[in-house]
Amino acid sequence: MKLDHPELVDLLKQAYSAEKAAAFAYIGHAKSLKGAEAKDAVKQIEMDEWGHRHEVLEIMNEYDIPISKYYEIRFHLIGRIISASCYIIGRFMPFYFAGRLESGNVCEYFRMKQYFNGLGIAVHDKVLYDMGIKEKEHEVYFLKQIKKDKLLPLFEKLFSWGDKTSFNNIDIDKKYPLEESDPYCKIEEKK
Ligand SMILES: [Fe+2]
Ligand SMILES: [Fe+2]
């Protein structure tokens, strides 16, 4: 079956490649950190991203959606550059920009779910919900690492993400179950 939804198809292709960029970035990030606990936590997040890439590919294969060569090259480079930069930009920035990126990724999966549901397809709900929530957990983890950093208020003002600002409306402490998760990242709210 072919998916008659160009936005959804593009979102899937982009997510597939962006997960690789994230995984690459976390390889460098984990290596640049001190302490086994911090390294292991970021390593686990890297593994989550490879898992997401696999899940997205499974969905793409179901609808014969090809992998985008353009996105693959673009995100390969982005991932490698971020990975290398982790060694030179100090401790704060890799955590900050990882958290900011994760914050945006959360809604990508909930938006995919809404697009699929709009086509009358609900079989991917669980996997998309789980991936969206996992990205939220990543965001929360990264924010926690820099919550007390003196730079956070300034960066929050400059880059619109931080302790009080997020790119999604999910509260991980009071999360809705799958069946009630429709208000998450409502497409109308993005306008
Ligand atoms: Fe991911
Ligand atoms: Fe993530």
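Over the ring of which residue does the charged end of R53 sit? The views below come from a predicted model.

**View 1. The charged end of R53 sits over the ring of Y16.** The distance from the centre of the Y16 ring is 3.9 Å.

**View 2. R80 lies over the face of F24.** Here the distance to the ring centre is 3.7 Å.

**View 3. F95 and F142 form one of the 19 aromatic pairs found in a search of the whole structure.** A pair of aromatic rings is described by the distance of the centres and the angle of the planes. For F95 and F142 the centres are 6.1 Å apart and the planes stand at 45 degrees, so the pair is tilted. F95 belongs to helix α4 (residues 92–118) and F142 to helix α5 (residues 125–146), so the contact ties together parts that are 47 residues apart in sequence. F95 and F142 are both buried.

**View 4. Y96 and F159 form a tilted aromatic pair.** Their rings are 6.2 Å apart, centre to centre, with 55 degrees between the planes. The pair links distant parts of the chain, with Y96 in helix α4 and F159 in helix α6 (residues 152–159), 63 residues apart. Y96 has 0% relative accessibility and therefore counts as buried, the cut-off being under 20%. F159, at 29% relative accessibility, counts as partly exposed.

**View 5. Y96 and F159 belong to one aromatic cluster.**

Key
Residues are numbered from 1 along each chain as its sequence is written. Chains are lettered from A and ligands numbered from 1 in the order in which they are written. This is a predicted model: local features need pLDDT of at least 70, side-chain atom pairs count only at pLDDT 80 or more; totals for chains, interfaces and linings use all residues. Side-chain values use heavy atoms; hydrogens and water are left out. Rings of Phe, Tyr and Trp (its six-membered ring) pair if their centres lie within 6.5 Å; planes under 30 degrees apart count as stacked, over 60 as edge-to-face and the rest as tilted. Helices (H or I, at least four residues) and strands (E, at least two) are DSSP runs, numbered from the N terminus. Buried means under 20% relative accessible area, exposed over 50%, partly exposed in between (1.4 Å probe, protein chains only). A charge sits over a ring if NZ of Lys or CZ of Arg is within 6 Å of the ring centre and within 35 degrees of the ring normal.
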